[in-house]
Each structure stands twice: as C-alpha cells, then as structure tokens.
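Hi there,

Here is the structure I promised to pass on. Have a look at it first, and then read my notes below.

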Amino acid sequence: MLQFQIIPVTHYQQNCTLLWCDETLDAAVVDPGGDIERILAVVAEKGVNLRQILLTHGHMDHIGGTAALIAELQLPVIGPHADDLFWIDLLPQQAQMMGFKPVAGFTPNQLLNHGDKVRVGNAELEVLHCPGHTPGHVIFYNRAAQLALVGDVLFKGSIGRTDFPRGNHADLINAIRTRVLPLGDAVRFIPGHGPMSTFGHERLSNPFVADKNYG
C-alpha cells in the first residue's frame, strides 16, 4: 500500500509530499520546492529509501529544491510534461520574481505524457496531463489507495491560478471536469497548498467546478 507524509516547504507553504511503498520501503518525493533538510529529515524518520523525484509542474515553489536533492543523492527526476520545460529554464527569473534565493538548474531524466505510469516500489501511479495552471502540469493517481497528488490544479474550495504565462482558464476547468473529478468521489487529494479534500466534496461545493454549475 502507498503511504504518504505531507511536508510543507518554503514561504509559500507548498505541500511537498513523501510517498513510499510499505512493502519495499522505496520512496519518491513529489514537488521538492525547497527546505531539503526538512525533507531529508522526514525520509530518515520514516526509514525509507528515496529513489526518485516526481514533479507536477515547473513553478519555483514546487521545483526549487530539485537540484540540491540531485546533488545530495543523485536522484532521477521524473516529470513534468514537456510543455513545462520553459518554466524550468526560467528558474533564475522565477527565483527573483517569487522571492527565492537563486538555485541551480536541472534537466528532467524523464518527461511524462497523459496515460504514463510511474512506480514507487510496488505501487503504481497513473499520470494525467492536466493543463491550465501551467501547460505541462501533470497529476499522479494511485488507484489502490484512492489518492491523487494534484499540484496546483485543484484546491479545497478553489482552483489553480491561470494568469501566469501560458495559463488557460478554460483548459484548467476542462481538465478538472473531464480528467480529475471522474476519478471518483471517494478519492482523497493532496493539493499543492492547503488542506486535503476529496473529489466528491469539490463536486458538491467548489464554486469553480461544482456539478451544479454545469447542469
């Protein structure tokens, strides 16, 4: 079974997540935005073997600690979708714009497409391409645990911003309505910021994507 620990990082309080398979103790870190000492402390506390870095999208508060983790542990980087590579290339400008110290750049080892699968030990994550907040945003879904990591696509009571370069509100709503919410009402999700929720709760009450707004 897939286990998780949310680790809020940076002054943006971004939900970095440690995922691990409780059978193999192999682990992945999703969206290491910074504060890698905090991330590595949780890895040590859980006694797991960190094998890879997974990225939902290319914004600084989600990827800022990636190069430091690579330097520390030589981990492969998986994701996001190719359409977010421009955000990774813009890391120096992002750091300046978002109030971060400069960080080293990196190149993902594997880019992801809709329908891909990623393994964390014996657990399988399904990849869904969900553009809108950024054009190359992906989410990760573990069917067995009914758990999704949705980055900045969807929040409890809200949705991701679309006023960044190459953001698109219509694309985001379409991705949420046609790819995210149909995964099932019982699915719990970890957003990029703020508390967890379920897709069922958002279908009922989220003012941006609730069923009542779409007939």
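A pocket here is worked out on a 1 Å grid over the protein atoms alone: it is an open set of points where a 1.4 Å probe fits, with protein on both sides within 12 Å along at least five of seven lines, and its lining residues have an atom within 4 Å of a point. Grid points are joined across faces, edges and corners, and the volume is the space filled by probe spheres set on them.

Please keep in mind that this is a predicted model, where local features need pLDDT of at least 70 and side-chain atom pairs count only at pLDDT 80 or more, while totals for chains, interfaces and linings use all residues. Residues are numbered from 1 along each chain as its sequence is written, and side-chain values use heavy atoms, leaving out hydrogens and water.

The second largest pocket has a volume of about 200 Å³. Among the residues that line it are Tyr12, His59, Asp61, His133 and His193.

The largest pocket holds about 250 Å³ of space. Its lining has 16 residues, and Gly33, Gly34, Asp35, Gly64 and Val103 lie nearest the centre.

After α1 comes Gly47, with a positive phi near 70°.

Best wishes

Notes. Helices (H or I, at least four residues) and strands (E, at least two) are DSSP runs, numbered from the N terminus.
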